[in-house]
Amino acid sequence: QPNEPEAIRAVARLLSRIGQIDGLEFWKKLSALAPLTVTDLRDESQIALKANDLAAATDAVERLLAQPAHQNTAADYLLAAEVTSRRHDYRKTATYDQKALADPNATRPEQLRAALSLNNIIRSGGKMYVEDPKKIDDRLVALSAGDDQTSLDALTTLAQGALSPTTDAKRDLPIAPADLIRKIDTHAKATIASHLLATDLEMAQQKSNRQEIERKAIDRWKNSSNENLAVLGGWLHSHG
């Protein structure tokens, strides 16, 4: 039945979850026939973002957050933050990210997404919208503990921050560079890109030994896989 809501919902959900932007038209058709559920609105907003239809994404997210008898989750707030970030509304983005971080049920990956988003807001000149920038550093440090992908991503962010100071550079680094280098180099999930980032940080800290540190990196990886050699080559090229 072409106008059967459950049939339209099934098609819309399938297309959305396989990343087909045609799914957005089915959500619009369904919303004209029946109320969308919380799950529907999440799927609609995600596929609207993929289609870069910010008007549809904004409408879906606003309806999602306003659903009666629904306890908004960290994932919902992160979805809203992504929409407002695309619209360059740092104030709203920071509000949603901070609500996600305040959710006691937020997963480690969700906490990291929120912290990274807030970190980007600070670096983009929106520090005034973040309640306490130091708490973001503290959250990244906490998330950097462990041996999962989230901890490695947190360490990577901290290392990049140490290499690219902002106008707020007078603020103390949350982790000493030597500790960052060690944590990255010994991380269970570290890739060659991670190790080379640690090498960059080491060279930044020991400018007089730059050539020797670079030579050691080359010796370490010169006999590795072709994929690693390609990464090493790109890294060397970027260093001139």
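Hi everyone. Let me start with a word I'll need in a moment: contact means heavy atoms within 4.5 Å. The helices I'll mention are DSSP runs of H or I with at least four residues, numbered from the N terminus.

What you see is a predicted model, where local features need pLDDT of at least 70, side-chain atom pairs count only at pLDDT 80 or more, and totals for chains, interfaces and linings use all residues. Residues are numbered from 1 along each chain as its sequence is written, and side-chain values use heavy atoms, leaving out hydrogens and water.

Let's look at helix α1, residues 5–17. Its 13 residues reach 18 Å from first C-alpha to last, close to the 18 Å expected at 1.5 Å a residue; that expected span is 1.5 Å times one less than the number of residues.

Which residues of α1 are buried? They are I8, R9, A12, L15 and S16. They cover an arc of only 140° around the axis, so they sit on the same side of α1. That arc is taken from the directions from the helix axis to the C-beta atoms. Buried here means under 20% relative accessible area, exposed over 50%, partly exposed in between, with a 1.4 Å probe and protein chains only. What covers these buried residues includes α2 (23–33) and α3. On the other side of α1, L14 and R17 are exposed. Just after the helix, G19 takes a positive phi of about 80°.

Now for two loops. N52, between α3 (38–50) and α4 (54–65), has a phi near 60°, positive in a residue other than glycine. N52 is exposed, at 52% relative accessible area. H88 lies in the loop between α5 (74–86) and α6 (90–102). Its phi is near 60° and positive, and H88 is not a glycine. H88 is exposed, at 61%.
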